[in-house]
Amino acid sequence: MVFIFVITIGMSSQAQSLFSNMSYADAVKTAKKENKSYFVDLTASWCLPCKLMDQTVFQDQMVIQYVEEQYIAVQLDVEDFDAMILKSEYQVKSLPTILFFNANGKMIAKEEGLQTGTNFLKLLKQYDSN
C-alpha cells in the first residue's frame, strides 16, 4: 500500500482566519490591552511541517474556537523582519516553532516541531495565563 501526501504551498483561508493579520507589535499591544495571552507561529514558505500544521492543526475547530476565545495569534514568516528579531532573541533553531507569551509579553514557552491538533490544544490550555 502506498500513501501519497500532498501539501500545498499556500496557507488555507481558514488557517489565515485563525491568525490575526495585525503586525507583531500591534498583537503585543492588543494582548496587553485585552489581557490575553498570545502566541507567535514562526513559519516559512519552504517548511513542509509548517504547511501541514496550516492544513490540519490550524483548521481544527476546537483549536480555532479556543484561540478565538483565549489568545491573540500571529503567524510570521521567518524571513520577515519581526520574525528575524524573534528568531534571534529566542534562539529559534527549527521550524515550526511556536512562542507563547502572557499578556504582559513574558515568554511562557517555546514549542518546536510538528504538533497534532490534540496536542496543540493541550498546549494552548496549559500556557493560557488567564
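Which handedness does the disulfide of C47 and C50 have? The torsion about their S-S bond is about 75°, so the disulfide is right-handed.

Before selecting anything, note that this is a predicted model, in which local features need pLDDT of at least 70, side-chain atom pairs count only at pLDDT 80 or more, and totals for chains, interfaces and linings use all residues. Residues are numbered from 1 along each chain as its sequence is written, and side-chain values use heavy atoms, with hydrogens and water left out.

**Stop 1: the disulfide**

Select C47 and C50. Their sulfur atoms are 2.3 Å apart, and a disulfide is a pair of cysteine sulfur atoms within 2.5 Å. A search of the whole structure finds one disulfide. C47 is buried at a relative accessible area of 4%, and C50 is buried at 2% (buried means under 20% relative accessible area, exposed over 50%, partly exposed in between, with a 1.4 Å probe and protein chains only).

**Stop 2: the aromatic rings**

Next, select F19 and F58. The whole structure holds 13 aromatic pairs (rings of Phe, Tyr and Trp, the last by its six-membered ring, pair if their centres lie within 6.5 Å; planes under 30 degrees apart count as stacked, over 60 as edge-to-face and the rest as tilted). The ring centres of F19 and F58 are 4.9 Å apart with the planes at 85°, so this pair is edge-to-face. F19 lies in the loop between helix 1 (13-18) and helix 2 (24-34), and F58 in the loop between helix 3 (48-55) and helix 4 (61-70), so the pair ties together parts 39 residues apart in sequence. Helices (H or I, at least four residues) and strands (E, at least two) are DSSP runs, numbered from the N terminus. F19 is buried at 6% relative accessibility and F58 at 0%.

To see the cluster linked by ring pairs, select F19, F39, F58, Y66, Y71, F100, F120 and Y127.

**Stop 3: strand 1**

Now select residues 37-43, strand 1, where seven of seven residues are buried. S37, F39, D41 and T43 point one way, and Y38, V40 and L42 the other.

Y71 in strand 2 stands opposite S37.

Key:
Pairing = 2+ DSSP bridges.
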